[in-house]
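Dear colleague,

My notes on it follow directly after.

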Amino acid sequence: MRRKFVASVQYTTAQLDYDSATHIAAMQGAIAAATKIAHKALEDAARAQEAAARARNAATEALQWADRAKGVGLAGRPGQEAGGGRRERCPSDRIGQAVG
């Protein structure tokens, strides 16, 4: 009777053990892949944060230059008023004008 039980249950038990080991390996692989993806996402987030910080710094610097430009204005040029007035023509202004 024991021999019959061992003969019938042995292969079923071995198959269940194999299925369990396969499932465990698959889950370990999925966890490793998810860990790799999460690590890459953290690296990308750090790069994005660094780029945003550089952009904020560049924006601050641009505003400082704009303030300096407003402060200087065109008052330094003869015949010009700060904040408006006649502007000097450049050669590209003449393109498309009728010659006459």
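Three salt bridges are counted in this predicted model, a salt bridge being a side-chain nitrogen of Lys or Arg within 4 Å of a carboxyl oxygen of Asp or Glu. Before the details, please note that residues are numbered from 1 along each chain as its sequence is written, and that side-chain values use heavy atoms, with hydrogens and water left out. Because the model is predicted, local features need pLDDT of at least 70 and side-chain atom pairs count only at pLDDT 80 or more, whereas totals for chains, interfaces and linings use all residues.

One of the salt bridges is formed by the side chains of Lys-40 and Asp-44, at 3.2 Å from N to O. These two residues are four apart in helix H1, so about one helical turn separates them; helices here are DSSP runs of H or I with at least four residues, and strands are runs of E with at least two, numbered from the N terminus. Lys-40 is partly exposed, with a relative accessible area of 42%, and Asp-44 is partly exposed as well, at 34%, where buried means under 20% relative accessible area, exposed over 50%, and partly exposed in between (1.4 Å probe, protein chains only).

Asp-44 also meets the side chain of Arg-47 in a salt bridge, at 3.1 Å from N to O. Arg-47 and Asp-44 are three residues apart in helix H1, which again means a separation of about one helical turn, and Arg-47 counts as partly exposed at 49% relative accessibility.

A further salt bridge joins the side chains of Glu-50 and Arg-54, at 3.1 Å from N to O, and these residues, four apart in helix H1, are likewise separated by about one helical turn. Glu-50 is partly exposed, with a relative accessible area of 46%, while Arg-54 counts as exposed at 51%. Through shared partners, salt bridges link Lys-40, Asp-44 and Arg-47 into one network.

As for the chain overall, its secondary structure comes to one helix and zero strands. Helix H1 covers residues 2–72, which is 71 residues, and spans 103 Å from its first C-alpha to its last, close to the 105 Å expected when 1.5 Å is multiplied by one less than the number of residues. H1 has a kink of about 35°, centred on Val-9, the bend at a residue being the angle between axes fitted to the seven residues ending there and the seven starting there.

Arg-68 lies over the face of Trp-65, at 4.6 Å from the ring centre; for this, NZ of Lys or CZ of Arg must be within 6 Å of the ring centre and within 35 degrees of the ring normal. Finally, buried residues make up 1% of the 100 residues in the chain.
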